[in-house]
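Please read the points below with the coordinates open beside you.

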Amino acid sequence: GHEVTLFATGESAGRHGMRETQKKIRAVEAGNLPLLQGLLVYVPIALLGNELSALMLFPEAGAAVLHTPYAILTAALVVSAPRHWVWYLLAGVVAHFTTNLPQFGLSWVLVADVANTSRALVAALLIRAFVGSPPRLGGIRGLLLFIFAAVLLGPAVGATIGPVNVLTHDAPRGYWPTWGAWFMSNALTGLTLLPALIFALD
């Protein structure tokens, strides 16, 4: 009797665990923004965001006061299904090339694109994994995790890659001053613009 009961209990717990795992997988794969609708909204906003960042750019540091493309791309990734992310990433690269190539040249823009893409991917993956999609920012834990992903770690990744440009293009500023400028720009963007855009797109 006890063995049968324990077996049944274990089997029930196993099924419950599998259901919970499947729910988590579906939640990670889910997205509220349909691809076509999302791209129709994202592309013009990304172009505008790159233009605005170019206007606010400090050329010697290669960083803007607010780097709006970071918030725009990350928000689109957070609210869309991961299987659609490649389209947003490609559109973001095209928007960045279109607005920055005439001023900075191919090699500079390529390095900046690697930084931009890496930063947005890290932030979006962490936000979706730890805060949810859409993010649940009502509690202290959710808010702190969002800050860790979008204000600290994501910007730190971008700031580590992007200033490589100053080493390869004889820019007037050194690596670490440029790192600081990139980090502060993207941290401020993640703290202010990103939450508003996520909830606007969701």
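1. A patch here joins residues with over 30% relative accessible area and no salt bridge, nonpolar side chains (Val, Leu, Ile, Met, Phe, Trp, Tyr) being linked within 5 Å. In this predicted model, where local features need pLDDT of at least 70, side-chain atom pairs count only at pLDDT 80 or more, and totals for chains, interfaces and linings use all residues, L48, L52, L55, M56, V65 and L188 make a nonpolar surface patch of about 540 Å². Residues are numbered from 1 along each chain as its sequence is written, and side-chain values use heavy atoms, without hydrogens and water.

2. Helix α2 gives the patch its largest share, three residues, while L188 belongs to helix α8 (residues 175-201); helices are DSSP runs (H or I, at least four residues) numbered from the N terminus.

3. The 25 residues of α5 should span 36 Å at 1.5 Å a residue, and because its end C-alpha atoms are 36 Å apart, the two values agree. The expected span is 1.5 Å times one less than the number of residues. After α5 comes G132, with a positive phi near 105°.

4. Three cavities of 30 Å³ or more are counted, a cavity being a set of points on a 1 Å grid where a 1.4 Å probe fits but cannot get out.

How values were computed: On a 1 Å grid over the protein atoms alone, a cavity is a set of points where a 1.4 Å probe fits but cannot get out, and a pocket is an open set with protein on both sides within 12 Å along at least five of seven lines; lining residues have an atom within 4 Å of a point. Grid points are joined across faces, edges and corners, and a volume is the space filled by probe spheres set on the points. Helices (H or I, at least four residues) and strands (E, at least two) are DSSP runs, numbered from the N terminus. Patches are made of residues with over 30% relative accessible area and no salt bridge: like charges are joined within 9 Å, nonpolar side chains (Val, Leu, Ile, Met, Phe, Trp, Tyr) within 5 Å. Accessible areas come from the Shrake-Rupley method with a 1.4 Å probe; for residues, only the protein chains shown count as cover. A salt bridge is a side-chain nitrogen of Lys or Arg within 4 Å of a carboxyl oxygen of Asp or Glu.
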